[in-house]
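Dear colleague,

I am passing on the structure below, together with some notes on what came out of going through it. Please read the notes with the coordinates open beside you.

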Amino acid sequence: MSVEQEYIDIYRQFSTQIKQNAAEPTNAVRDAAFDCFAQQGFPTAALEGYQHSNLQERYAVNYGINLSQFNIAFNPYESFRCDVQSIKSHLLFVVNDVFCDETQQAQLVLDKLSQQGVIAGSLRKVGAQHPELLKRFYAKAADFNTDATVAFNTAFAMDGLFLYVPKGVKLDAPVQLINVMNGDADSMATSRNLVIIDEGARAQLLVCGHAAKSCKYLCNRVTEVFVGKNANYEQYKLEDTTADTTNIGSLFVQQDEASDVLINEITLHNGFTRNNVNVDLLGEHASLNLCGMAIGDKQEHIENHTFINHAVPHCHSTELYKYVLNDAAVGSFDGKILVRPGAQKTEAYQSNKNIVVTQSAKMYTKPHLEIYADDVKCSHGAAVGQLDEEAIFYMRSRGISLTEARMLLMLAFANDVVENIKIEALRTRMHLLIEKRFRGENYKCNSCDSCK
Amino acid sequence: MKLLEIKDLHANIGDKEILKGVNLTINAGEVHAVMGPNGSGKSTLSAVLTGSPAYTVTSGEVIFNGKNLLEMPPEDRAREGIFLSFQYPVEIPGVSMVNFMRTAVNEKRKYQGLDPMSASDFLKLMRERKELVELDNKLANRSVNEGFSGGEKKRNEIFQMAMLEPKLSILDETDSGLDIDALRIVAKGVNHLRNAENASIVITHYQRLLDYIVPDVVHVLYKGRIVKTAGKELALTLEEKGYDWIKKELGDL
């Protein structure tokens, strides 16, 4: 039996149950998405864009899935602390793939958000109360035909974060969404987030991915973000889990006129990471700053695939991804920028820089530009190299040890990406986390179940 | 007191022998100038003394302050008190001068069994030593040597020397690329740091620097060996006559 057959059978048998546990508008595309998945199966290495990944192997584990959307008896507010939980934020949790709103703490946070006019909560429940928004936006940015993992998500996902920031509302603090995997058996989580930032609104979302136990986990999370005219949106992602975790995260962003978006995705620790970021610049004078960093060691595998679609004139995008790979870690970066016919005065700059510390670590990079307009400024660059030996000797000649010299260079290398974090408390925290990561120090908080 | 003793030092880069038996003894309190035609091995000598991985020592011995220098990694040589002012200081984007210097000072202190210097003491020391070489305040917050002019880079080397207070400093063509004013500032810094306990090796092509940093001894390094040693007047003779007369003496011309 093929790896996907099990999931195909599950869907055929339980699709009624899935639909009963999901918001109605999300069911409208479910069957079509399932057909698309059933036809394609999970991506194989023969597929363009998946040459370096073995997703089949990752899905082959016998994971438990939570079709009934049972709440796991686990209050994350009491028994989990995230690496960056100390920053002032509206803290929300998705435990495996269920939005956590049944605790008092969650209700308090949601109340505070609703006082600012924000509609926030479970996609399954709150989404069902706002069918007009779901009908208008759900699955409109995330085209499941392009990627079987997105099709899988659209077929199986029932819950996740729903966030609507109305016109002109400027959120007082970042929303922090912690995706935490819990459970004593190998589990799969398929969640879906929908974020709508209306005209002139402003919001920051910090998404953290963690694992509370050390079972085998696979997460397939799709996030759609719609950023309205003149709106301002920042999304940070911090991934810090275990070697047995597979994270497949797809982010689809549509930007309207003169909107300003910052996306910064940082992988500190994870077994297998696949990030897809798709940004459509659909309104003139929209601006995007996309960046990311991955620190990999041991057998870790990190892929970032990005696609920036300059569909209209006068948009601006800058993209920067950096990797530091140690031991036998494998990284891949595939970044495409498309400048469509007529998208004149586009400015698009892409850069991917990588340090490969050992002989056995590998980095694959594929920057590409496709330009169909003639009055544009575009550039791309990619480099794979080692730490600068001359700089290391210079530092050693001043009494700095080899280890410390390497550390200073790696931190300096990572700095460019960290400096793109606009939330000061997060930036400070990230500097520390990255330093500890490079030093191989245990930086767990020791105050929650997962760290004890 | 003997500070540095080099005995029959041979060193290669790849398969090529550059140093072919260097003998040199430096006492505390002395300044030795090393001169010589291009390609004679002057920079190699400084690189070998500081432990550059680009060179292999094939034979010979170097005793520094009673210890076998060649057995130590570069960082320990620095912590023991060897300092090289680089001919071409390296730019290190993203590493600030403050962070770089603080790490260097504290790693040396750790080696000596001392506690790290407090932040305020460190900044005070930095301010004081910066003034010595008239280094701009802003430079301290910039990345190491990044975007520094040629003169600023050399002044920055002397600033680092002032911070680390080495026993033996090697100035490798510190005068190259300097205008007269910068040269004077650099020399002033070096002279200020000079005392009875430390010593310097000044590698240069020109007498001009030696007008400011007056050497006790002048050596000529030629084809990987020290072929002539005399007082400071030797530099003047070389300035006037070049190296041909020495080559003739050696039967090379």
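**A polar contact and its surroundings**

The side chains of A:Thr154 and A:Arg192 are joined by a polar contact of 3.0 Å, a value that, like the others here, is computed from a predicted model. A:Thr154 belongs to helix α9 of chain A, which covers residues 148–156, and because its relative accessibility is 0%, under the 20% cut-off, A:Thr154 counts as buried. Beyond its neighbours within four places in sequence, A:Thr154 is in contact with A:Val29, A:Arg30, A:Ala33 and A:Phe144, as well as with A:Arg192.

**The nonpolar cores**

In the largest nonpolar core there are 180 residues, and those with the most contacts inside it are A:Leu92 and B:Met101. The element that gives the most to this core is α11(A), with 10 residues. As for A:Leu92, residues up to four places away in sequence being left out, its contacts include A:Tyr77, A:Phe99, A:Val109, A:Leu161 and A:Gln176.

**Helix α11 of chain A**

This helix runs over residues 402–418, and its 17 residues should span 24 Å at 1.5 Å a residue, which agrees with the 24 Å between its end C-alpha atoms. Among the buried residues of α11(A) are A:Met407, A:Leu408, A:Leu409, A:Met410 and A:Phe413, and A:Glu404 is also one of them.

With best regards

Conventions:
Residues numbered from 1 in each chain as written. Chains lettered and ligands numbered in written order. Predicted model: local features only at pLDDT ≥ 70, side-chain atom pairs only at ≥ 80, totals over all residues. Heavy atoms only, no water. Helix = DSSP H or I, 4+ residues; strand = E, 2+ residues; numbered from the N terminus. Buried < 20%, exposed > 50% of the residue type's maximum accessible area, 1.4 Å probe, protein only. Polar contact = N/O pair within 3.5 Å; in protein donor to acceptor, adjacent residues only side chain to side chain. Contact = heavy atoms within 4.5 Å. Expected span 1.5 Å × (residues − 1). Core = buried A, V, L, I, M, F, W, Y, C linked by side-chain atoms within 4.5 Å.
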